[in-house]
Amino acid sequence: MFLHRALTNVLPSFQKLFGPLRFYGFTYIAFDLIPIKYRKIWKKVEADSVYKKWAFLILVQMHPYYLECQAGRTMRAYSFESIVRNKEAFCRDLFSYLDLNQKLLPLALSAFSIDSHEGFPLSNTKTLGQYPKIVLSDEERRWVRSVAIDMFGIELRQEDLFATNFPQSYTFGN
């Protein structure tokens, strides 16, 4: 199973996780940590924007799922945005897929009312509104979309860079 999210929503999450300074600094060491095949792609498309670098790292994480599905593996993907939009449809589908008793659905739905990061320094209640929204320029969006399709085969929507061609992805209206 694979959980994916629109890239414009992932970038602020990473900035929140690492903090602004480490968010920028991490991109300088991250490329030494990714598989060689992706380093070779990066050398072909290298760009100077920190947001492009992060978007590339996110595409590197998405690509293996895409390849597995292209190879015919039966896998399931859910978009984070669609889960938030329709929690009940997500739970019903997941329960059905895993052959779980639907009577447990209310218990599963109750878990969404809890901050899963509670007690952690980056919990939603402690950091809400503390980080500016990341706004990608039109040129950065074009670059990300071009790299996604040309190098990874992943189609991204213009407005939020949401993957639209993930096989077996359940998006519940996204």
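Trainee: Where do we start, and what does the secondary structure of the protein come to?

Mentor: This is a predicted model. The secondary structure comes to 9 helices and 3 strands. Read from the N terminus, the elements run β-α-α-α-α-β-α-α-α-α-α-β.

Trainee: What share of the residues counts as buried?

Mentor: The protein has 174 residues, and 43% of them count as buried.

Trainee: Let us turn to the helices. How does one describe a packed pair?

Mentor: Two packed helices are described by the angle between their axes and by the distance between those axes.

Trainee: Then what are the angle and axis distance for α4 and α9?

Mentor: Helix α4 covers residues 50-70 and helix α9 covers residues 138-152. They pack at an angle of about 25°, and their axes are 10 Å apart. Angles under 35 degrees count as roughly parallel, so α4 is roughly parallel to α9. The crossing of these two helices is right-handed.

Trainee: Which residues meet there?

Mentor: From α4 the residues are Tyr-51, Lys-52, Ala-55, Phe-56, Leu-59, Val-60, His-63 and Tyr-66. From α9 they are Glu-139, Glu-140, Trp-143, Val-144, Val-147, Ala-148 and Phe-152. By class, this contact of α4 with α9 has 11 nonpolar, 1 polar and 3 charged residues.

Trainee: What about α3 and α4, how do their axes cross?

Mentor: The axes of α3 and α4 cross at roughly 135° and come within 11 Å. That angle makes α3 oblique to α4. Their crossing is right-handed.

Trainee: Which residues of α3 and α4 meet?

Mentor: In α3, Lys-37, Tyr-38, Ile-41, Trp-42 and Val-45 take part. Their partners in α4 are Lys-53, Phe-56, Val-60, His-63, Pro-64 and Leu-67. The contact of α3 with α4 divides into 8 nonpolar, 1 polar and 2 charged residues.

Trainee: What does Tyr-38 touch, leaving out residues up to four places away in sequence?

Mentor: With those left out, Tyr-38 touches Phe-56, Val-60, His-63, Pro-64 and Phe-152. The pair Tyr-38 and Phe-152 is 114 residues apart along the chain, yet their C-alpha atoms are separated by 9.9 Å.

Trainee: And His-63, where is its place?

Mentor: His-63 is in helix α4. At 9% relative accessibility, His-63 counts as buried. Not counting residues up to four places away in sequence, His-63 touches Tyr-38, Phe-152 and Ile-154.

Trainee: How does α1 pack with α4?

Mentor: Helix α1, residues 7-18, packs with α4 at an angle of about 105°, with the axes 10 Å apart. That makes α1 roughly perpendicular to α4.

Trainee: What classes of residue make up that contact?

Mentor: The contact of α1 with α4 has 11 nonpolar, 1 polar and no charged residues. From α1 come Leu-7, Val-10, Leu-11, Phe-14 and Phe-18. On the α4 side are Tyr-51, Trp-54, Ala-55, Ile-58, Leu-59, Gln-61 and Met-62.

Trainee: Where is the place of Asp-99?

Mentor: Asp-99 sits in the loop between α6 (87-98) and α7 (105-110). With 71% relative accessibility, Asp-99 counts as exposed.

Trainee: And Leu-161, is that buried or exposed?

Mentor: Leu-161 is buried, with a relative accessible area of 0%. Its loop is the one between α9 and β3 (169-170).

Key:
Residues are numbered from 1 along each chain as its sequence is written. This is a predicted model: local features need pLDDT of at least 70, side-chain atom pairs count only at pLDDT 80 or more; totals for chains, interfaces and linings use all residues. Side-chain values use heavy atoms; hydrogens and water are left out. Axes are lines fitted to C-alpha atoms, for helices over the stretch in contact, and angles run from 0 to 180 degrees between N-to-C directions. Helices (H or I, at least four residues) and strands (E, at least two) are DSSP runs, numbered from the N terminus. Angles under 35 degrees count as roughly parallel, over 145 as roughly antiparallel, 65 to 115 as roughly perpendicular and the rest as oblique. A crossing is left-handed if the near helix is turned anticlockwise from the far one by less than a right angle, and right-handed if clockwise. Contact means heavy atoms within 4.5 Å. Ala, Val, Leu, Ile, Met, Phe, Trp, Tyr, Cys and Pro count as nonpolar, Asp, Glu, Lys and Arg as charged, and the others, Gly among them, as polar. Buried means under 20% relative accessible area, exposed over 50%, partly exposed in between (1.4 Å probe, protein chains only).
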